[in-house]
Each structure stands twice: as structure tokens, then as C-alpha cells.
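Please look at the sequence and the model side by side before reading on. The paragraphs below are meant to be followed with both in view.

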Amino acid sequence: MRFSTRTRYGLRFLLRLAAQPQGSLLQLGQVAREENISSGYLEQIVRALRPMGILRAVRGSGGGYSLAKSPTDINIEEVFQHLEGEISPVRCLSKGRHCQRESHCSTRGFWTELDGHIRSFLQKRTLQEIIDSEKCSVTGGNHVELH
């Protein structure tokens with residue numbers, strides 16, 4: 001199972017916003033250049049994240065983006081759902097779908113269990129936990145700034 005570049009880049013964008021000093025704004029063009037992401041693609045990612053209410057946008061000269069919520073309040077499963085659309089490992093488990101083989105599918109239990117593990121893992125994670133785990137893995141426990 002692979003998550004799209006949209007989700008990977010979106011998560012990197014959120015981590016960049018979280019690393020900004022409180023009250024400062026980050027411009028999309030700057031992130032696009034530094035992360036080697038097309039500006040247009042980054043704009044699409046921002047449009048997908050907006051309905052979550054986690055971004056604060058300031059227009060005009062000197063404008064940009066910041067987080068509208070604390071990283072501890074940003075749930076990773078919600079981020080993935082907004083960016084991916086659907087995170088189930090197989091289509092038959094997607095919301096609103098019904099499989100004709102559901103009652104006699106020999107692998108449904110396996111896929112349902114895997115789907116549960118993925119969702120549980122993502123539901124339990126916040127943006128802050130990713131920040132903290134990356135700081136520890138990069139420095140062996142010493143805190144560093146995310147760039």
C-alpha cells in the first residue's frame with residue numbers, strides 16, 4: 001500500500017508550518033522551492049487541507065500560512081483522509097461501497113483487520129507526535145529545529 005505524493009508533501013508542509021515561530025507566516029513559494037514541490041501542486045494540497053480548519057491564511061504582501069491549531073490538536077488520520085480521500089487498503093471497505101462477495105469473501109476478515117490497524121495507528125497520532133518522534137530519531141533524543 002502506498003500513499004500518494006499529495007499526502008507525503010502535505011505532511012511535510014504541515015511539519016514546516018509547525019516549525020515556524022508562533023505568529024510568523026510561511027509563503028507557499030518558499031516551501032515549494034525548498035521542498036522541491038511545484039507551487040501549483042502545493043496550492044492543491046492547501047485547498048484539500050483548508051476544510052479541516054487547521055490552516056490560517058493571510059493574503060497580500062507579506063502574507064502566507066501558519067497553523068490555526070496546535071500540532072497536538074491535528075489528527076493524522078483526518079489529514080490523510082483529506083489528502084487521500086480514502087485510506088482503506090481495498091475498495092470494498094471504502095465508505096459507501098458494497099461488495100457482492102462480502103458475505104462469502106475468503107479474505108474480507110483479513111482486509112478488515114488490516115484496515116482497522118491502519119486507521120487505529122493514524123487515529124492515535126497527532127502532528128506533534130510526528131514532530132517529537134522525528135526530533136528523537138534524528139538526534140537520539142536531543143531536540144533540533146525542523147527545517
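Residues are numbered from 1 along each chain as its sequence is written, and side-chain values use heavy atoms, with hydrogens and water left out. The pLDDT, which is the predictor's confidence in each residue on a scale from 0 to 100, has a mean of 87 over the protein chain, and 90% of the residues reach 70 or more. Over residues 138-147, however, the pLDDT is below 50, and this stretch has 14 contacts in the model beyond near neighbours in sequence, a contact meaning heavy atoms within 4.5 Å. Where pLDDT is low, the predicted coordinates should not be read in detail.

The protein chain has six helices and two strands, these being DSSP runs numbered from the N terminus (helices H or I, at least four residues; strands E, at least two). From the N terminus on, their order is α-α-α-β-β-α-α-α. Among contacts between residues at least 6 apart in sequence, 63% join residues at least 24 apart.

Of the 147 residues, 34% count as buried, that is, under 20% relative accessible area, where exposed means over 50% and partly exposed in between (1.4 Å probe, protein chains only). Leaving aside neighbours within four places in sequence, L127 is in contact with L11, L14, L15, A18, L67, P71, I74 and I76.

Strand 1 (residues 55-58) and strand 2 run antiparallel and are joined by four bridges, where two strands pair if DSSP finds at least two bridges between them. R56 stands opposite S66 in strand 2, and in the hairpin, which has five residues between the strands, G60 takes a positive phi near 90°.

Finally, a search of the whole structure finds zero disulfides, a disulfide being a pair of cysteine sulfur atoms within 2.5 Å. C105 is in no disulfide, and the nearest cysteine sulfur, that of C92, is 6.1 Å away. C92 counts as partly exposed because its relative accessibility is 24%, and C105 is likewise partly exposed, with a relative accessible area of 25%.

Definitions and conventions: This is a predicted model: local features need pLDDT of at least 70, side-chain atom pairs count only at pLDDT 80 or more; totals for chains, interfaces and linings use all residues.
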